[in-house]
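Let's learn to read a protein model together. Have a look at it first, and then ask away.

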Amino acid sequence: MGRVAIVSSMVILAAVISSITSYQVKPANYAKLIDKQKKFDEAFEKEFYVEHTKYVETGEQSERLQEMFEHIRQKPDMFRMEMDNHPLPYLTAECTACRALVTTYLTYRRVLGWDRDRIALQAASTCETLNILTPPNCLKIVNKNIDILLYIIDNRPSLTAQTICGIIFQSGTCVLEDPAFLNWSINVQPGGRPITASKTSPNRGASDLKIIHITDVHYDPHYRTGYNAVCGEPCCCREGQGIPANPADGAGEWGDYRDCDSPWKAVEDAVRAAARQHPDAAYVYYTGDIIDHGVWETTVAGNIVSMTRTYQLFRDVFGSKPVYNVLGNHENNPTNVFAPSYITQSEFSAKWLYDFSADQWSTWLPTASQQTIRQGGFYTVLVRPGFRIIGMNNNDAYTFNWWILYDPAYLQAQLQWVHDTLLQAEAAGEKVHILAHIPIGAGTSYRTWARQYRRILDRFWDVITAHFHGHTHADEFNVFYSLANPQHAISAGFNGGGTVPFSNYNPNYVVYYVNPQTYDVTDFESWYFSLTEANQNPNRNPIWMQLYSFSRDFQLSNVSPASLDGLVRRFASNPAELRRYWEFKVKRGDPFIAAGCDGDCLLNHLCQIVTNEANDDTKCNALAAIFRNLDDELFNEEHKG
């Protein structure tokens, strides 16, 4: 989604964004286009402030202001997309909007001295004008975020629109230039095994451990079968949105491909299906996002009810089997905002969430983990001799966490703890799985944070054996390359997809096979059901099927970083095989398959696999050079058509 104002559109953008992550390959003349766009944005920003000020004074929008609002109005399907997947023209318009609207509202606050209520009402009006939410819900979402934003703005008088937009977008004309946001770092101890080649790992074996990965259930207690699934808001199928005149627009029994979250029966069915079909699994990973996308009306009390019910389901279904959880960006209230631990004001602090999580997770975690969970929602646990898990709360590095704008260096503390924990694991001869909700290095990971994490990974590439993510709802993987030696693939990240259909997906979960000596992932498979078929048979449970077995379907001996790097290069020279991966990634969701994915679309998905840091296009450019020079009939036909 897009449309960014300091306390309205920006809030909505951050709050509901959540679907498929991809990557936007830049054209050859990108630098020239950016230079031209910079001049446009500077002129637009100044003119917008003048026209908007006239509107505030007179109560009437000029024809020119209406044109400018139309230029920055949300584009179709923005609510469905993670920002990484917005086409470049969308991103360009969004950056223009951010600069213009943030500058205008900063001026209202800092120069004209507008008070909180006046800014709230005007911001809600902007939200309404841009058709982001209904008028009542615009005001709700603004009121949920405005006090945090004004606190940050008032206490950071040097914070500019360029920096704010540079944090959120990290691309185009919204480039982060402020040294305070670029130059902080953590201490990385020298040592470790030198990186001399891409990392290899064993093949799948009969004694491998099995780990179930469930993520992003997005339970919506307001979901109602038959209610409006095309409501025009970021989240539909909800009580209060009414029953549509056309029954085809009504929410399905087991969920809906449209912008809807999961009814409880679907959450319960997914968890029970995973347990039933894989009773021999040793562990369960849950990588966050229990809470729904109705971000304008979430409450602490409501979030606690939904999370308590979900964690109890895990206990009931998996019994004594350990479930290792991390927090999603939706768990806090307001969504996305995770304040530094030294911010103690109750209306800003996430302490309630950390204390609640520490209590709930105590079922599966030792007492020693309590301190860091209560401090910041992260932990480590020795699962068995030689095998450790680190559960990160990397939502603090999500570019829609407003507190990055207040103090970017507060992110150092958790990263330094990760480094120090890995140092101890190395000394003890342990191997480590990293659990984190936001895919590490994705375009919505704060750039400086991602760079510092890459330094950690370079140092401990031989200790960290895999990463496990959620957030995007896509069944995908990432390959991490050495910062110092970019030709070497040193780690892999596996995304569990999501049991929620939001938006256009079929529900799924993933099962990993893990070598019991090295703790490398040797293979993985995905299980899903067709939402179309399930909703056509509402009176019986969905039929879960295997979507793929990765090594079998892509003819790999293992899924080591070296092997996956080879597969990525195969994808670059074989669009038909890349298309197959894309079908698995979108879990054969009927709307995705119907819409298709042309050559440019496939290339974007290919580049997403190898992008470890915002604006680092090195790997993408190398693959794009191969992909674009293909003579493959399929690729050529797509471009002809």
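Q: In what order do the 6 strands of the open sheet come?

A: First, a word on the model: it is predicted, so local features need pLDDT of at least 70 and side-chain atom pairs pLDDT 80 or more, while totals for chains, interfaces and linings use all residues. Residues are numbered from 1 along each chain as its sequence is written, and side-chain values use heavy atoms, without hydrogens and water. Strands are DSSP runs of E, at least two residues, numbered from the N terminus, and two of them pair if DSSP finds at least two bridges between them. Here the order is β4-β5-β6-β7-β9-β8, with mixed pairing.

Q: Which strands stand at the edges?

A: They are β4 (379-384) and β8 (477-481); each has a single partner strand, so one side of each is left without a neighbour in the sheet.

Q: How do β6 and β7 pair?

A: Strand β6 (residues 431-435) runs parallel to β7 (residues 464-469), over 4 bridges. Within this pair, isoleucine 434 is opposite histidine 467 of β7.

Q: Which residues touch the most other members of the largest nonpolar core?

A: In soluble globular proteins, nonpolar side chains tend to be buried together. A nonpolar core is a set of buried Ala, Val, Leu, Ile, Met, Phe, Trp, Tyr and Cys residues joined through side-chain atoms within 4.5 Å, where buried means under 20% relative accessible area (1.4 Å probe, protein chains only). In this core of 193 residues, they are Trp449, Phe477 and Phe494.

Definitions and conventions: Buried < 20%, exposed > 50% of the residue type's maximum accessible area, 1.4 Å probe, protein only.
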